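Keep the 3D view open and find each residue as you meet its name.

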Amino acid sequence: MSRLDARTDGALAAFTRDVQTALGDDLLCLALYGSAAGDDWIEGQSDLNVTLVVPRVTFAVLETLEPIVARWRKKGLAPPAVMDLEYLARARDIFPMEIDDIRRQHRVLAGRDVFADVTLDPAAIRRECEGEVRGKLLRLRALFLESAGRPEALEALMHVAEHQRAAIM
């Protein structure tokens with residue numbers, strides 16, 4: 001449980017420069033989010049998650065980012081979440097957990113903080129949570145039936161369930 005080390009911070013600064021150079025004024029916000037933006041990042045285990053917000057996501061924007069992302073993927077950076085302001089405004093009811101994850105724990109690397117004033121409907125968060133849980137329950141039941149009572153298959157199933165439980169805790 002630690003903050004980013006100097007080497008990782010330096011790599012993020014270099015990535016930020018690459019993105020700023022490539023996108024120029026089209027970069028509204030580049031933010032690090034998740035565990036790497038807080039105190040629970042674990043070197044070698046935790047992902048470095050970033051989000052890019054541009055005025056409009058176009059093919060040209062994605063083409064511009066592709067070689068940068070490919071180069072930085074090799075260095076362990078997760079593929080960025082690329083969105084525009086319209087997407088951010090319209091997706092708050094469909095992907096509220098994901099947007100709330102970014103909103104609650106992020107660090108702006110470049111641009112302005114477009115997540116600071118994002119508001120989410122608690123009912124939308126409840127619906128997404130319920131949908132996720134119900135979907136996982138259906139999948140767990142199907143996997144149980146697929147295991148046909150074989151102990152080794154049931155044990156593997158329990159490992160999958162434990163891994164998923166740990167991922168959401």
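Phe15 has a relative accessibility of 1%, so it counts as buried (buried means under 20% relative accessible area, exposed over 50%, and partly exposed in between, with a 1.4 Å probe and protein chains only). This is a predicted model, in which local features need pLDDT of at least 70 and side-chain atom pairs count only at pLDDT 80 or more, while totals for chains, interfaces and linings use all residues. Residues are numbered from 1 along each chain as its sequence is written, and side-chain values use heavy atoms, with hydrogens and water left out.

**The aromatic pair**

- Which rings pair with each other? Searching the whole structure turns up one aromatic pair (rings of Phe, Tyr and Trp, the last by its six-membered ring, pair if their centres lie within 6.5 Å; planes under 30 degrees apart count as stacked, over 60 as edge-to-face and the rest as tilted).
- The partners are Phe15 and Trp72: their ring centres are 5.9 Å apart and their planes are at 75°, so the pair is edge-to-face.
- Phe15 belongs to helix H1 and Trp72 to helix H2, so this pair ties together parts that are 57 residues apart in sequence.
- Trp72 counts as buried because its relative accessibility is 8%.

- In soluble globular proteins, nonpolar side chains tend to be buried together.
- What does Leu23 touch, apart from its neighbours within four places in sequence? Leu23 is in contact with Leu52, Val54, Val61, Thr64 and Leu65 (contact means heavy atoms within 4.5 Å).

- Is S1 mostly covered or mostly open? S1 is mostly covered, with five of its five residues buried.
- S1 and S2 run antiparallel and are joined by five bridges (two strands pair if DSSP finds at least two bridges between them).
- Within that pairing, Tyr33 has Asn49 of S2 as its bridge partner.
- S1 also pairs with strand S4 (residues 106–111), again in the antiparallel sense and over five bridges.
- Here Leu32 has Arg107 of S4 as its bridge partner.

**Salt bridges**

- How many salt bridges are there? The count comes to three (a salt bridge is a side-chain nitrogen of Lys or Arg within 4 Å of a carboxyl oxygen of Asp or Glu).
- Arg107 takes part in one of them, with Asp9, at 2.9 Å from N to O. This pair links distant parts of the chain, as Asp9 is in helix H1 and Arg107 in strand S4, 98 residues apart.
- Asp9 counts as partly exposed at 31% relative accessibility, and Arg107 counts as partly exposed at 33%.
- Asp18 and Arg71 form a salt bridge at 3.1 Å, N to O. Asp18 lies in helix H1 and Arg71 in helix H2, so the pair ties together parts that are 53 residues apart in sequence.
- Arg134 and Glu130 meet at 2.7 Å, N to O. Both lie in helix H5 (residues 122–147), four residues apart, which is about one turn of the helix.
- Arg134 is exposed, with a relative accessible area of 54%, whereas Glu130 is partly exposed at 30% relative accessibility.

**The whole protein**

- The protein has six helices and four strands (helices, H or I of at least four residues, and strands, E of at least two, are DSSP runs numbered from the N terminus).
- Starting at the N terminus, the elements run α-β-β-α-β-α-α-β-α-α.
- Of its 169 residues, 33% count as buried.
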